[in-house]
Amino acid sequence: MIPKLKKQDWFHEDGFPIVVERRDPQEPFGLHCHEFSEIVIITGGKGLHITGEDSYELSVGDTFVIGGDRPHDYLNMDQLSLVNILFDPIEFPMSMADLQSLPGFHALFTLEPAWRKRHQFTSRLQLTPAELVESLRLVDDLECELNDRKPGFGAMATAAMLQLITFLSRCYSLSRNPKSKRLLRIGDSISHLQRNLAQPISLDELVEISGMSRRNFIRTFEDTMGTSPINYLIELRIREASRLLRTTDRPITEIAFEVGFSDSNYFSRQFRNAVGLSPREYRKQFH
Ligand code: RM4
Ligand code: NI
């Protein structure tokens, strides 16, 4: 059994879902997985990253995300130093603001991890020295807020985390290697979905943005996102609808239209399928 690091052992007892852990150097640790996710920024030295299915050489500036279930470890360390940012993807509002409209965000958090093995880690984010300096400054800000824990630290730390994530995602968007660019194109099609939720979106549009053949796009999308582009769009629409149901008093039909459904009965059916409750029942729970 691979040990699983527990939230209760690594997060503050107040439950705030972000932690910064510096490793300088990274000591031998052993293969493990987490109840949380990790952003890893390599700050110095060399080493081998073991992911349970493969192993990859690490060097300064390499930045990647480890989802909770993915076992990993470091071997052959030669002065390897790194920063871990532990976060709970369920509690952290990753959908905040317009992050989702940044192709690099999807590439960094979803696509690269899913393609790591096939791309042999070649589509990882590699920060330039200047980008590394800026990232570490943002990590410092985040860590200060977390250490001081003054009233309002939650808002400040969340803001710092968003800055860091946005900065890293933008860096990813600048990647020039062909494999990363492929991921960015898929990221672009996902962002297009996010930004145009309410409009009728055709598969052809998405195929065009992705720069792939239709067949290849659909296969690639399903492989990575675990669902077809159309079902993904429905999921997004339902997610946005639930937000509107929770936070506004607008009539259900209006919400259905607002998130891109042209028929409110169809909306209610899809909603019940996904959420297990009718829109009305769902709203009641929050009022
Ligand atoms: C370890 C190692 C692990 C990380 C924990 C928090 O030293 O870096 O990957 O999950 O710290
Ligand atoms: Ni770890």
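F16 and F153 are both buried in this predicted model. A search of the whole structure finds 13 aromatic pairs. F16 and F153 form one of these, an edge-to-face pair with 5.2 Å centre to centre and 65 degrees between the planes. F16 belongs to the loop between α1 (7-10) and β2 (18-23), while F153 belongs to helix α4 (residues 153-173), so the pair ties together parts that are 137 residues apart in sequence.

**The pair F271 and Y282**

- F271 and Y282 also form an edge-to-face aromatic pair, with 5.4 Å centre to centre and an angle of 70 degrees between the planes.
- This pair links distant parts of the chain, with F271 in helix α10 (residues 264-275) and Y282 in helix α11 (residues 279-286), eleven residues apart.
- F271 counts as buried because its relative accessibility is 0%, where buried means under 20%.
- Y282 has a relative accessible area of 9% and is therefore buried as well, by the cut-off of under 20%.

**The aromatic cluster**

- F271 and Y282 belong to a cluster that ring pairs form together with F261, Y266, F267 and F286.
- F286, a member of this cluster, has the charged end of R246 over its ring, at 5.8 Å from the ring centre.

**A charge over a tryptophan ring**

- R118 lies over the face of W115, and the distance from the ring centre is 4.1 Å.

Definitions and conventions:
Residues numbered from 1 in each chain as written. Chains lettered and ligands numbered in written order. Predicted model: local features only at pLDDT ≥ 70, side-chain atom pairs only at ≥ 80, totals over all residues. Heavy atoms only, no water. Phe/Tyr/Trp six-rings, centres within 6.5 Å; stacked < 30°, edge-to-face > 60°. Helix = DSSP H or I, 4+ residues; strand = E, 2+ residues; numbered from the N terminus. Buried < 20%, exposed > 50% of the residue type's maximum accessible area, 1.4 Å probe, protein only. Lys NZ or Arg CZ within 6 Å of the ring centre and 35° of its normal.
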